[in-house]
Structure formats: C-alpha cells, structure tokens
Amino acid sequence: MESRIQHIFLAAIVAMGTLWVFPAAVAAPDPDELELEPLVVREPERREIDIDRLDKENFEFGLLGGMMSVEDFGSNTVVGARVAYHVTEDFFVEGQYGKTTLGETSFERLSGGAQILSDDERDMTYYNVSVGYNIFPGESFLGRGLAFKGSMYVVAGVGSTNFGGDDLFTINAGVGYRLIAKDWLAFHIDVRDHVFETDLLGAQETKHNIEFSGGVTLFF
Amino acid sequence: MNGRLVRYLGTRLLLALVCLFVAVSAQARVLDFFQTYQPEVVVSDPYIEMHTGPGRGYPVFYVAGQGDRIQILKQRTEWFKVRVPRGQRLQEGWVHVEQMRHTLDLEGNQIDFGKIALGDFARRRWELGLNGGDFGGAASITGYLGYALNKHITVQFEATQILGNFSDGLMASGNIVMYPFPEWRVSPYFTIGTGMIKTKPHTTIVQAEDRTDEIVHAGTGVNVYLSDRFILRMEYKRHTVLTSRDDNQEIDQWKAGFSIFF
C-alpha cells in the first residue's frame, strides 16, 4: 500500500517535471498514439458466482460429559456425543447419545445383598432426536475485555433409553447455553430432563431423570 | 443375549444413519475441499451491514460501502462470512443473505443467492427424516433415508424402534415411495415395503422369548412443505407380520414427523 502511494507521488512528480520541461509535447499529443496504448487492461472474470460451492458450516459435532441423576438409582457420570444440523439461525435438529451407570437403590443397600439389576443392566444408554430453538442470541461479557458470542437454546424431543435391560420410550426437554469461542468451536452447558415410564420397581411409574452436562462441539 | 444384539444393532443403525447423513452432505464438497471457493463480489447499494456473528443478536460493527469489493469466505445458515478491506487492514464479519442481495459480481451481474422453495422438492436427490407415532399401541420412533430415482419415485431405507409397555423391538425395512404430485405443497404419497422385525419382551414379563419375523407393509401419507428444506410428514401403514404361528399378525402404524431434503 505504502509503495503504491509512493508510486503515485513519484508519477505525479515525474508528470509535473515533464510538463515543465516539455510543455508543448504534453499539450499537443499525437491523437493516434493515445488510442494505441490503453492504460490498464483488466479482463473481467468470466465465471459466474455459484453460492452452492461455498463452504457451508451447518453441522455441529461434539462430545459431552457430566452428571446424570437417575430416579431411585443415584447420580453418576454421563458421557455422550451430539450431532446438530442448523437449519436456520433459529432452529436446529439434534441427535444425542449418552451412557451412564446406575447406582444402587436404597432398597438394595439396606436389604444387604439383594440386587434388582445384574451388572450388565447397570449400564444405561440413551439416544434421542430433538428440535432446538435458539433464544436470546447475542454477546455475553466476561469482565471488561472479553465478549463472547453465544445463545441460549431450548430443546425437546423423543428417543429411547435402555434402562435395566429394557428399551423405554423417552421424552427429553431441556435448556442450554452455547458459547461460540471461534467460528468452528463452541462450548455447551446443558440441563435436560429425560422422562420415561417403567415398572421395574413394581408399579408402572413415570421417572424424571435430570442430566447436567458440559460439552465441546466443532462446526463443519 | 438377544437383548444385547437388539441394542447393539439399534445403536449401530443410528450411527450408520448419522454417518450416511454426514457423508452425503460432505460428498458434494469433497472436490472443493482442498481449494476453498471464496468468490469476490461488489457492494452495489449504499452500504451493507456486517455483524460480529452469524445471527441478528450479534451487533453490527462495520458497514461496507458502495463499490467495496468483498470476499465471501463461507456460509452458515442464512449468514455469509465476508472479508472487506478496511483502510490498510482486512475486516471480517457476517452478513445476512438479504443484505448480500445488494451485491453484484465483478461484471455487474446479479448473483443468485438461492432460496430453497417448494419447487425444489421435485429436484431433490436425498431425503432424510425422523418421525414418531403409534405402532399397534406401542410408541415408535423411525429414522429414514431416501434416494430419489426421479421426481416421482424414491427408494427408502427405514429403521424403527418400537417401545411398548411389555416389549420392545426393532424393525428395518426397504420401501418404494411414489409421489404422484411432487410439486404440490400438500403432496400425497403411497408406499410399499418389506423387512424384518425383532421383538423382545420386557425383562419383567416371564415366559416369553425374542422373535424375529418377516414383515410386509403398505401405506399412504402426505407431505406438507413448510419452508427451506423442511417437510412435515404424516403417514399410515398397515403391517403384516409373517409369523411362524398359524396366523399372520396385522399391525396399524400412525406416525408424524419432519423430513429434510437435499
């Protein structure tokens, strides 16, 4: 840029110098010569712009980890993965898979030895597909110097939970915050309720299971 | 043992669907992967607004003026990340598609920023959908992937998880779907298919064992075009389970859900 400015100045000085030395030559140029040498030739780029070929970053993939409280079975570590497709700036669809372990019920602990579930059945897995809506998108501030882009979101969906050896229809709903650290990197905090019905402990009951998780996702 | 198999298959199936989904969207870009396409355009209106992020909640922090050449870097939903010269530096920001319409290519031509509309369904290649509903009294969740042979006929692979109070199961099937009127906003369709169904009684039920049976089905449904790539889909299917017992079992399935097309 600087050198361009220098060139312009230089050109101006040379031009002024020429004017002063050869005023007649500049004042009366040969009309034929002028047409022969055009100043700058810029060939227009003939390619049409194809928006479909642009890099689109509507997918988000990541891992999550946290605590999940399973009614009657205590709280345990949960790990999982999530994939989201952002349809518009407001809506996204999301699939999530998670895995936790079931602790002992108070009955099992107090009875001294009775086991409701086998070791195998203590692994609980779930998957769900949900629709999410971004609410309160905007910048958040940390201290004076840091501004983060982010958004709260609400999600709700259906899925299946493998609980005590059976697959159960599960409704999930929750709220989370997505902090966009870079264009391609986001951090999540998520609180979700997984609701299913089971008769494992005698009567058919509705169980609420709260999951609290944090996660890292990549956009691609 | 069989329970584990069903679970194993279920998770693998979902994983496979997700992978396929990702692969499909990635496939188109494989060639462009190593040479990113970042075309230049010129602002034709007095100005366009640049936001700090891809959303209306992120503030406008810069405006590119008429005649500025801006380079389009990438797209997320309806936002474009652009780079403009600002003094001696380069400034990057996000511009909404409505504002991008105020730009021309370097030759001064209009650019088609594209808006997926109703008519694009007839030009779809892939369909991906999820729906839930009732399968003979049990809850069902279905994921499907369809490939359009032409605008009227789609071949479709479906995976359904059935979740009842007394048993659960998994159904996988191949289907042919016919759309007589793919251009209509409310478009009816017909489907036939065949597959396998695996049923597993719950652990609290005694004296019952897992079964795997063949299944054939026929159904009808309706697609309601919502916007962009979104379709609302409602369907009724009549399943015939070809059991090893004397009688075949008839099951009605009602479901509703969303689909995306590419």
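This is a predicted model: local features need pLDDT of at least 70, side-chain atom pairs count only at pLDDT 80 or more; totals for chains, interfaces and linings use all residues.
Trainee: Good. In which sense do strand 4 and strand 5 of chain B pair, and over how many bridges?
Mentor: They pair in the antiparallel sense, over 5 bridges. One residue to look at is Ile72(B), which stands opposite Val82(B) in strand 5 of chain B.

Trainee: And what about the hairpin of those two strands, how many residues sit between the strands?
Mentor: There are 2 residues between the strands of that hairpin, and Thr77(B) takes a positive phi near 45° there.

Trainee: Which side chains go where in a regular strand?
Mentor: In a regular strand, side chains alternate between the two faces of the sheet.

Trainee: Back to strand 4 of chain B. How does strand 1 of chain B pair with it?
Mentor: Strand 1 of chain B, residues 40–43, pairs with strand 4 of chain B in the antiparallel sense over 3 bridges. For a residue pair, Glu40(B) is opposite Gln71(B) of strand 4.

Trainee: Let's zoom out to the contact. How many residues does it take from each chain?
Mentor: It takes 39 residues from chain A and 47 residues from chain B. On the chain B side, elements that each supply at least two residues include strand 4 (69–76), strand 5 (79–86) and strand 8 (126–135).

Trainee: Which element of chain B gives the most?
Mentor: Helix 1 of chain B, with 6 residues.

Trainee: And how does that side split by class?
Mentor: The side of chain B that touches chain A has 12 charged, 16 polar and 19 nonpolar residues.

Trainee: New topic, chain B as a whole. How many helices and strands are there?
Mentor: Chain B has 15 strands and 2 helices.

Trainee: What radius of gyration does chain B have?
Mentor: Chain B has 25 Å, whereas a compact globule of 262 residues would have a value near 18 Å. The C-alpha trace of chain B spans about 80 × 40 × 35 Å along its principal axes.

Trainee: How much of chain B counts as buried?
Mentor: Of its 262 residues, 34% do.

Trainee: Last one: what share of the contacts in chain B between residues at least 6 apart in sequence join residues at least 24 apart?
Mentor: That share is 49%.

Technical notes. Residues are numbered from 1 along each chain as its sequence is written. Chains are lettered from A and ligands numbered from 1 in the order in which they are written. Two residues are in contact if their C-beta atoms, placed from the backbone, lie within 7 Å. Helices (H or I, at least four residues) and strands (E, at least two) are DSSP runs, numbered from the N terminus. Ala, Val, Leu, Ile, Met, Phe, Trp, Tyr, Cys and Pro count as nonpolar, Asp, Glu, Lys and Arg as charged, and the others, Gly among them, as polar. Two strands pair if DSSP finds at least two bridges between them. The radius of gyration is taken over C-alpha atoms; the globule rule is 2.2 Å times the number of residues to the power 0.38. A residue is buried if 20 or more other C-beta atoms lie within 10 Å of its own, exposed if 12 or fewer, and partly exposed in between; C-beta atoms are placed from the backbone.
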